[in-house]
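I opened the notebook today to record what I could look up in one structure, entry by entry.

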Amino acid sequence: MRPLIFVSNDDGLSYPGIKTLIEVAREFGDVIVAAPQNHQSGKASSISIGEPLRVKKVKEEPGFTVYAINGTPADCAKLGLGVLVGDRKVDLVLSGINHGYNHGNSVLYSGTIGVVMEGVMAGINSIAFSYGEYGPECDFSPCVPYMRHIIAAVLKNGLPSGVALNVNIPLVGKGLDSIKGIKVTTTAPGRWTNTWDHRVDPHGRDYYWMLGNYEEATPNDQSTDIYWMDRGWVSVTPIHIDQTDFQSIPTLANLLEE
């Protein structure tokens, strides 16, 4: 039996990124898609508690089913993996391809990452893909060979328990002629410096658009995702759900425990 692959994203079903991901996923197995019916970027792992989720079956054919859900990316993954796949075991969770990078501390806000975190909690090997193009007419073809390579490797060998892969593919065509290869990296530490664009609507009421730039704390660190992406390499960062800082436990125990 072919592997069963679950696919979702945070941009919604209409975006070309998820369409490319579905095409690649179908090369490797049967595919069930459960994705937001509307754009849901920046939702991280948020879930809908006070409102019902509604599911619309968009397409069904042998080995391929697509659902649209009126919820967040995490909603889609929870409902998809918990209900829509039925009794069949899911072999791989894929998220993306996101329109825009999820590097550095962007992982804390990313709905793309929220999907794979649900996969990790369900004990399923999970991979998130992101690319540095935002427009509705994106060409994702430079991503495809690297996606195939990474998906094949994970299906064959698996991942360490509790670990997902955050894959960021550098943008080809704006100063980069071709991708150089793959590097396994760390997450670049830093912070978003939010530049708020203050505007006034026709009724005289204030409103704000969030802009901002990511400022790296260690721009010369040769282990990070941003360092290697800036130099034309695909960044593959292992991420996990447990955010415990184990090194701090003895210090805090001495400070706080009686």
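I began with Leu-108, which counts as exposed because its relative accessibility is 53%; the cut-offs are under 20% relative accessible area for buried, over 50% for exposed and partly exposed in between, with a 1.4 Å probe and protein chains only. I noted that this is a predicted model, in which local features need pLDDT of at least 70 and side-chain atom pairs count only at pLDDT 80 or more, while totals for chains, interfaces and linings use all residues. Residues are numbered from 1 along each chain as its sequence is written, and side-chain values use heavy atoms, with hydrogens and water left out.

I looked up the largest pocket, which holds about 700 Å³ of space. A pocket is an open set of points on a 1 Å grid over the protein atoms alone, where a 1.4 Å probe fits, with protein on both sides within 12 Å along at least five of seven lines, and lining residues have an atom within 4 Å of a point. The volume is the space filled by probe spheres set on the points.

Of the 23 residues in the lining of the largest pocket, Tyr-101, Asn-102, Ser-106, Tyr-109 and Trp-192 lie nearest its centre. The second largest pocket has a volume of about 470 Å³, and among its 21 lining residues Val-107, Leu-108, Ile-239, His-240 and Gln-243 are the closest to its centre. Strand 13 gives the most to the lining of the second largest pocket, namely four residues.

How many salt bridges does a search of the whole structure find? I recorded ten, each being a side-chain nitrogen of Lys or Arg within 4 Å of a carboxyl oxygen of Asp or Glu.

In one of them, Arg-2 pairs with Asp-30, with the closest N and O atoms 3.4 Å apart. This pair links distant parts of the chain, since Arg-2 lies in the segment before strand 1 (4-8) and Asp-30 lies in strand 2, 28 residues apart. Arg-2 is partly exposed at 41% relative accessible area, whereas Asp-30 is buried at 17%. I also noted that Arg-2, Asp-30 and Arg-88 are linked in a network of salt bridges.

Another salt bridge joins Lys-57 and Glu-60, whose closest N and O atoms are 3.0 Å apart.

Most residues other than glycine have a negative phi, and most peptide bonds are trans. I found a cis peptide bond between Gly-96 and Ile-97, with omega about -15 degrees, and Ile-97 belongs to strand 5 (residues 92-99). Ala-44 has a positive phi, near 50 degrees, and is found in the loop between strand 2 (30-36) and strand 3 (55-61).

Definitions and conventions. Helix = DSSP H or I, 4+ residues; strand = E, 2+ residues; numbered from the N terminus.
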